Amino acid sequence: MTMYGYVSGYYRDKFIKDSNFEYQANLLLNSGIPFENCFADGFSHVNKERYKLHRFLTTVAKEGDILFVPSLTNLYSNVRELCCLMHVVEDTGVIIKSGDMDLSDDSTASNWIIASQLAQLDYAHYLHQKCLSKAIKKAKYQATVNVGGHNKRVITPKYKQAYDYLQSHTYTATQEKFHLSKSTLYRIKQQIEHQLRPTNTAQSYNA
């Protein structure tokens, strides 16, 4: 079991002035954790990624290791990051300890747990909605593509007239009248007849 410390925040950014980073860093350095086990991610107005935290959780952290942060907000910025953090902590077995999470009866730990659970539910709902959205987009795309992978033609009034004319005339006569190639006439015929074809009903079988 090894003790580590971590902070994050805006550091020396000329656009965003935030003295909270230095305050959090001082709290971490005064926590008694060895200096070589402390690390930080400094943000800028164009980059707010936690590269060192991600590297720690994926390559360094072992089950039973303790990661101390002065504040839990050092670990995440939004619901997505919070949920990802929860899963990583669960998988690695890392113990999270925070200066603002006292394990007494009147502590804010219960609020953290509740917030985490609510965030996970919200993220699960987001993933579900995203999955549905992708399925709808895929279905719309498949509706515009033939089995061979070619985009379906839009049946214009001219194509419809050509199809009707083709019912009582040859391909050559229809081609000359509407100035369409035989391959185009064939695809139009196939597409219209496919649309007119009744949908097969599912068969039922007795057990």
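1. Axes are lines fitted to C-alpha atoms, for helices over the stretch in contact, and angles run from 0 to 180 degrees between N-to-C directions. Helices (H or I, at least four residues) and strands (E, at least two) are DSSP runs, numbered from the N terminus.

2. The model is predicted: local features need pLDDT of at least 70, side-chain atom pairs count only at pLDDT 80 or more, and totals for chains, interfaces and linings use all residues. Residues are numbered from 1 along each chain as its sequence is written, and side-chain values use heavy atoms, with hydrogens and water left out.

3. Four strands form an open sheet with parallel pairing, in the order β2-β1-β3-β4; two strands pair if DSSP finds at least two bridges between them. β2 (38-43) and β4 (95-98) are at the edges with a single partner strand each, so one side of each has no neighbour in the sheet. On average, neighbouring strands of this sheet are turned by 25° against each other, direction ignored.

4. Strands β1 (residues 3-10) and β3 (residues 66-69) run parallel and are joined by three bridges. Gly5 has Phe68 of β3 as its bridge partner.

5. Helix α1 (residues 20-29) packs on the sheet and touches β1, β2 and β3; its direction makes about 170° with that of β1. Contact means heavy atoms within 4.5 Å. Helix α2 (residues 51-60) lies across β1, β2 and β3 and runs at about 140° to β2.

6. The axes of helix α5 (residues 157-166) and helix α7 (residues 182-196) come within 10 Å and cross at roughly 90°. The two helices are therefore roughly perpendicular to each other (angles under 35 degrees count as roughly parallel, over 145 as roughly antiparallel, 65 to 115 as roughly perpendicular and the rest as oblique). Residues making the contact include Tyr159 and Ala162 of α5 and Leu185 and Ile188 of α7.

7. Leu180 is found in the loop between α6 and α7. Leu180 is buried, with a relative accessible area of 10% (buried means under 20%, exposed over 50%, partly exposed in between, with a 1.4 Å probe and protein chains only). Leaving aside neighbours within four places in sequence, Leu180 is in contact with Lys158, Tyr159, Ala162, Gln175, Leu185 and Ile188. The C-alpha atoms of Leu180 and Tyr159 are separated by 9.1 Å, and the two residues are 21 residues apart along the chain.

8. His179 lies in the loop between α6 (171-178) and α7. His179 is exposed, with a relative accessible area of 68%. His179 is not a glycine, yet has a positive phi of about 55°.
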